[in-house]
Amino acid sequence: MSFLAAALDRVKPSATIAVTDKARALKAAGRNVIGLGAGEPDFDTPANIKLAAIRAIEAGKTKYTAVDGIPELKEAIIGKFQRENGIAYKPNQIIVGTGGKQVLYNALMATINPGDEVIIPAPYWVSYPEMVALAGGEPVPVVCTAATGFKLQAEALERAITPKTKWVILCSPSNPTGAAYTRAELKALTDVLVKHPHVWVMTDDMYEHLVYDDFQFTTVAQVEPSLYDRTLTVNGVSKAYCMTGWRIGYAGGPAHLIKAMATIQSQSTSNPCSIAQWASVEALNGPQDFIPANNKVFKERRDLAVSMLNQANGIECPRPEGAFYVYPSCAGTIGKKAPSGNVISNDEQFVTELLETEGVAVVQGSAFGLGPAFRISYATKTSDLEDACKRIQRFCGNLR
């Protein structure tokens, strides 16, 4: 018998972390590698946020805090939800975790029983189905193709719901595609969910502020207030505030669910880092003017990547509404021979050959539930992004 838990048989390692680690190892070995795998802004954390953390250290705010977050951060989160989303929460409806990933994980661990189903639009963030599986549930991917803008359609949602469905997970703007739901598109989905009172909604709004071309962000509890009591609205400071390493995520939802999530957290990590919490208070309450400035650069990079990738043989790249990812199809390269002599049979082999031949690290679409495609994060230096796109063009041009 194996010493390891059988639950591990249901879980795959993170493909995005794997490609980042491989790129890092190749760089350490002296290879010229451009890593486009990590979903991490290349901008530094704003100075006022860093200063708030330093002041917290100097003031001795380095002790344990309440498991689910300091009152000051909860109030800042309540203010953010009211100000930006028109959603009212009380302190007992707010939880702060060690990153958005922990918040999502805690919610699933606190609610999933064996056999419970969770509907997940695909392409999806790689961790969603794995967390559902770890909790003992059954992930139910619903494929959303480029023809529908990689967005879940009301008819498809209706077909996927069964008596066993417990959650639907929605991510907008999306990791990995950058697709974002308009108010009308969300309303079509919420109209379906209203008819199924046993189904709850988990909205991952981590990329809320990273939208372009005058796109107007909305979230489920804002669009359909009648779903307020069965919606968990998840967000965090990682992406928009360039605080990935600070590890602060948060959520608002029904008090009994938040209490259950806090119980899970109390027996795993306890409170998030006290210093990062005080920095996050400043992030949410302080100046926000750097966000549109960063977004201007992200939009320029998006447009650069979309234009250059669509000039590569066999590649088709849609233009996303938000986040900092593009999700091009590489269907036109399947069956062709790479410079190594290997025939490209799927998207995993495409990204492997691309990394070995040109030193560009991207993530295969099959890891996100829809291939043949690959994800590029353009949250990297513009000159590196341009160089990487040229290498992709060259690689595709040399396929035979």
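Buried denotes under 20% relative accessible area, exposed over 50%, and partly exposed the range in between (1.4 Å probe, protein chains only). The model is predicted, with local features requiring pLDDT of at least 70 and side-chain atom pairs pLDDT 80 or more, while totals for chains, interfaces and linings use all residues. Residues are numbered from 1 along each chain as its sequence is written, and side-chain values use heavy atoms, without hydrogens or water.

View A. Gly 39 belongs to the loop between β1 (34–35) and α2 (47–58); helices (H or I, at least four residues) and strands (E, at least two) are DSSP runs numbered from the N terminus. Its relative accessibility is 17%, so Gly 39 counts as buried. Leaving aside residues up to four places away in sequence, Gly 39 touches Lys 239, Thr 244, Phe 324, Tyr 325, Arg 375 and Ser 377 (contact: heavy atoms within 4.5 Å).

**View B. Aromatic cluster containing Phe 324 and Tyr 325.** Phe 43, Tyr 207, Phe 298, Phe 324 and Tyr 325 make up one aromatic cluster. Rings of Phe, Tyr and Trp (its six-membered ring) pair if their centres lie within 6.5 Å; planes under 30 degrees apart are stacked, over 60 edge-to-face, and the rest tilted.

**View C. The pair Tyr 327 and Phe 368.** The rule gives 15 aromatic pairs. In one of them, Tyr 327 and Phe 368 are edge-to-face, 6.2 Å centre to centre with 75 degrees between the planes. Tyr 327 lies in the loop between β9 (325–326) and α12 (347–358) and Phe 368 in the loop between β11 (363–364) and β12 (374–377), so the pair ties together parts 41 residues apart in sequence. Tyr 327 and Phe 368 are both buried.
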